[in-house]
Amino acid sequence: MEQNKIRELSIIAAKSRILGLDMVHRAASGHIGGSLSCMDIITMLYNGVMRIDPSNPQDPDRDRFVLSKGHCTPALYPVLAQRGFFPVEALEMFRRVDGHLSGHAEMKHVPGVDMSTGSLGQGISAAVGMAMAGKLNKKNYRVYTVLGDGEIAEGQVWEAFMAAAKYELDNLCAVIDVNGLQIDGKTADVMPTEPLDEKLEAFGWKVLKADGHDFGSLQEAFAEAKTVKAQPTVILAKTVKGKGVSYMENVAGWHGKAPNDAQYEQGKQELEAQLKELEAH
Amino acid sequence: MSEKIATREAYGNALVALAEQYPDLVVLDADLSSATKTQGFSKAYPTRFFNMGIAEANMMGVAAGMATCGKMPFANTFAMFAAGRAWEQVRNSIAYPGLNVKVVGSHGGLSVGEDGATHQCIEDFAIMRAIPGMTVLCPCDGSEMAAATEALLNYDGPAYMRLGRLAVETVTDSIEGYHFELGKGVTLRDGSDVTIIANGMMVQAALKAAALLQAEGVQARVIDMHTIKPLDAALVLKAAAETGAIVTSEEANIIGGLGAAVCECVSENCPVPVVRHGVADIFGRSGKAEQVLAAYGLTPEGIADAARKAISKKK
């Protein structure tokens, strides 16, 4: 990938991280850890992979995105806002009773959200349904979904994996945000989900691996996924939960906790320094 | 009264009959197509039929995803698994976003018979009705089922419909002026002493109960309340005011279903005695369907007893 493109994506992601931290701090609630881990993946999708038009969010030919780990709205909403689906200022209404930006992804009121999610394990099934409808309607749109590695413990996910293979959904690309942590601790301790590569291969999926914080690596994987025929693709994206905020990185406790004022200030300073560094080069 | 046909059979036939007219109609099943009677559709329209395997949770989510892309999915399995196993998927992936998915539960109630309590869903009305914005219905015979299926195709939103296993007498085709409309009950028989409000196969039983009561000089009104939600409150309240006593009858637990809906409506607006006839908050059991129904009092005699009780409570 060209350096300019990497820089552009890095800046969008850095700004989104600041906006996401702002949202969670302002609302005094929300899921910041997993949002920071999948931020680069979602940034990549909306700024270089997906065929979308923010001025026509219901275009029947658009690519679809389902945030199966639906709690990570502090990643999705800032990316959508920066992409032009709605004003960045609207993020101030996150989790507010007088607004529409609910805690979990919501399709009826938030432009750009293709499926309401939040109850883990359900988004992947909707993505499968969208891909099946695409085949049936002879549309060439693609469907993307991001799952958490903790979410994989939901049995419904494996039902969906089987169905996607049965219907040879080569228009479906799932990304698993492998940050290795979930609410109660390490995924390896709470409910081991690895080896994801061998399991997914056995379920009939094309398995690709990527560094979930490296745009070159992500873009390569998404490009390869587009060439796969007659089977769905999953990208196992290795990530760091809490990426970008030093005290949050790799700490399970930051799954669903809002930072206090001092923590917020420190986190914001770190993220702004990262943005400044990117903009200076 | 004319031919006997199970509502599941009539539903399966209706899907095939309506397929050309509604090209976005797609049918999903969870390995029960021979029992839910979607098999006819699967053979006639194989590209629009999806067997999702024994995986009801995923089936509901897939149907939701398809609906976001303009398809009109009907997702089929037994009532127990449609309403029970996949309740939360129906709630969060279908009803919450208001998607145009029809969840169809076959083999509802005790008339499943031999398979026993694990497969005799008696809670579906209650738990589906508890979901905001969910339409819930249970047509009583083949003729009404055909009309209901088409009505659902013309209704843009989430709905749950229960089908029955047993062949039942067709009664609505001989009712003068009968017209099916979602959310509107139908008065099948007029009467002034008590009103029996029933759905599903208890409608036929209610008509027989009314005949039993007539022999005693009691004039029972019979309302076919095929749509439990939204409830036809106007028809219920008119019956409450005009007959002064109500019996509800359903092949379901008396908690939370049609009886509860009628009680809520009547107690808030026009209090009269209501006796809920149905499954008395106990699990079903194996046996021949007719025997199981009889063992639980889901019979014309059971309804007539409930009617006498309701009348005795009149002030």
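**Close-up views of a predicted two-chain model**

**View 1. Contact between chain B and chain A.** In this predicted model, 23 residues of chain B are in contact with 24 residues of chain A. On the side of chain B that touches chain A, helix H4 (56-68) and helix H6 (87-95) of chain B each supply at least two residues. H4(B) provides the largest share of that side, with nine residues. By residue class, the side of chain B that touches chain A comprises eleven nonpolar, ten polar and two charged residues.

**View 2. The open sheet of chain A.** Five strands of chain A form an open sheet in the order E1-E2-E3-E7-E6, and their pairing is parallel. Strand E1 (64-67) and strand E6 (206-211) of chain A are the edge strands, each of which pairs on one side only. From one strand to the next, the twist averages 20°. In general, strands of a sheet pair through backbone hydrogen bonds, in either a parallel or an antiparallel manner.

**View 3. Pairing of strands E3 and E7 of chain A.** Strand E3 (residues 172-178) and strand E7 (residues 233-238) of chain A run parallel and are joined by six bridges. Within this region, A:Asp177 has A:Ala237 of E7(A) as its bridge partner.

**View 4. A helix of chain A packed on the sheet.** Helix H4 (residues 123-136) of chain A packs on the sheet, where this helix touches E1, strand E2 (143-148) and E3 of chain A. The direction of H4 of chain A makes about 165° with that of E2(A).

Conventions. Residues numbered from 1 in each chain as written. Chains lettered and ligands numbered in written order. Predicted model: local features only at pLDDT ≥ 70, side-chain atom pairs only at ≥ 80, totals over all residues. Contact = placed C-beta atoms within 7 Å. Helix = DSSP H or I, 4+ residues; strand = E, 2+ residues; numbered from the N terminus. Nonpolar A, V, L, I, M, F, W, Y, C, P; charged D, E, K, R; others polar. Pairing = 2+ DSSP bridges. Axes fitted to C-alpha atoms, helices over the stretch in contact; angles between N-to-C directions.
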